[in-house]
Amino acid sequence: MISWWLLPLFAGLGVAATAGPLGSLVVWRRLAFFGDTLAHGALLGITLGILFDLHLTLALIFSCSVLALILLQLDKYTGIASDTLLGILSHSSLAIGLVVLSFFDNVRIDLMAYLFGDLLAVNQNDLLWIFAGGSLVIGLLIWQWRGLLASTVSEELAAIDGYPVKWLKAMLVLLLALVVAISMKIVGVLLISALLIIPAAAARPLAKSPEQMAMLASLIGMLSVCAGMAFSFVWDTPTGPTIVVSAASLFVMSQVYNSVRK
Amino acid sequence: MNPELVVVKAEAETLIRAQGINQTWGDRHVLQNIDLAICENEIVTIIGPNGCGKSSLLRILLGLHTADSGKITRRKGLRVGYMPQKLRIDDRLPLSVTGFLMLAPGARKERVQEWLERLSINALAKQPVQRLSGGEWQRVLLARALLIEPHLLVLDEPVQGVDIQGQRELYQLLPELRNELGCGIVLVSHDLHLVMAQTDRVICLNGHVCCSGHPDQVSVSEEYNSLFGNQHGHQHLAPALSNELAPELAHYTHHHDHTHCADGHIEGSTECQEQERKHD
């Protein structure tokens, strides 16, 4: 009886908990646009998954990871400013995904569900992916936390200190790709980076250390999921966007708290 | 000669050696055939005007960049402590001084506390790194470099933006650290004339190694002050202050056998401009 809302709730909480520490790193390292690009490219992954009849979650994870590694390489070798490059890739991959999708008359796909998420359609299999992926992400982040933080502060200093800076960066973008892939069902392509960034930004004024900020971001994200789901039931609004609106409201509150405290 | 001294000299190991380093950025040949070795217990000051290749050489020595040609040999297991000239930490990262120092590999709370006390910055331990003054931040950066117990300590423009008192304290501290840790120290400076007195070797860089040698002791006489205080752009060293600073500073006399044209290429064999001015 209760399971129809319990499953989506746990899925949302799992994604929010994972997004906390990863989103904090995204905020510190200014990777927000990077995450957006991965998310937009994810639609292309779905299209290819349908086209070749692959497991959709695997196709998503694979395409996001490949895109992440391509971006990492392009950033090093092209003379184009990286925000321009990301803008080009982000929107062209979204557009290619949409165009290719339109060629298949026989494939019926709920585009809205991919763009804005469909939390209530989460099944047990999705939940398993979210918790397995989430545990992997959090485990790896905790394991390499010092190195990740050191290279966030200064890549040069971290490299001189002997941290494997390049590997850490590659690991970070791959984890980002994984989280984008598993959280797409919750908030959709267009709102994934909101779930990464907004809770972390809301946590900033309340935190005194990086670890505090990462944990608070998880809590704020989880609170947004609960509030968003509750409001979407009461007012019959789309769940994904309502979660993002809740997170944004919490962000505003933390900013107000911060300016009042000063 | 003191036989003990000979033994010590013979045992001093080379920490890092650069051989035949060449580096070109676009059509500028910024480093030409650089040979350089730094030993244990040795303090080396690299000086040169802006754009002389100091930063490129430093990045190559630190292993951040691979030169177009040439070879870098490091002693096995060499630990390098690096104090950057500038490091800005984004406001979005909530980080205290202790938190920052704990990021050094293998850092422990007790060691962090020890260095904070040694550098008299223990009052800052809980401060957010973004709120420190330039001088305070520089000490924190030095503490970070020392925390890894370096064999080689590299300081990029360590006294830039630091007041005279701070500069003096640093120049007193560095030789002490050298004696305690037995580490080699490399200082990079754009000041072509005044270097730290305990410097064993000054290397003047301008694309290639122009000259190198031991700095002279700063004379504390009025004559010195009137000569260098005005001629070399050190007007801020009023005679009284210069006297006070003298034990930590030394003057480096260049021995160039060539001069550089505006584009950096070598013009022929004439005495260094500084020399000429000095003898005027």
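**Contacts, core and sheet**

Tutor: We begin with one residue of this predicted model. Apart from neighbours within four places in sequence, A:Leu176 is in contact with A:Leu22, A:Val26, A:Leu31, A:Gly35, A:Leu38 and A:Ala68.

Student: What makes these residues contacts of A:Leu176?

Tutor: Two residues are in contact if their C-beta atoms lie within 7 Å. A:Leu22 and the others listed are in contact with A:Leu176, so each pair meets that cut-off.

Student: Which residues have the most contacts inside the largest nonpolar core?

Tutor: They are A:Ala42, A:Leu176, A:Val180 and A:Leu195, in a core of 152 residues. Helix 9 of chain A, residues 165–187, gives the largest share, 14 residues.

Student: Why is this core said to lie between domain 1 and domain 2 of chain B?

Tutor: Domain 1 (13–79 + 150–279) and domain 2 (87–149) of chain B both contribute residues to the core, so it lies between them.

Student: What makes strand 5 and strand 6 of chain B a pair?

Tutor: Pairing requires at least two bridges. Strand 5 and strand 6 (residues 152–156) of chain B have 4 bridges, in the parallel sense, so they count as paired. In one of these strands, strand 6, B:Leu153 is the bridge partner of B:Gly81.

Student: Why are strand 5 and strand 10 of chain B said to stand at the edges?

Tutor: The open sheet in chain B has 6 strands in the order 5-6-7-3-9-10, with mixed pairing. Strand 5 (80–83) and strand 10 (208–213) each have a single partner strand, so one side of each is left without a neighbour in the sheet.

Conventions: Residues numbered from 1 in each chain as written. Chains lettered and ligands numbered in written order. Predicted model: local features only at pLDDT ≥ 70, side-chain atom pairs only at ≥ 80, totals over all residues. Core = buried A, V, L, I, M, F, W, Y, C linked by C-beta atoms within 7 Å. Buried ≥ 20, exposed ≤ 12 C-beta atoms within 10 Å, placed from the backbone. Helix = DSSP H or I, 4+ residues; strand = E, 2+ residues; numbered from the N terminus. Domains from an automatic or database assignment.
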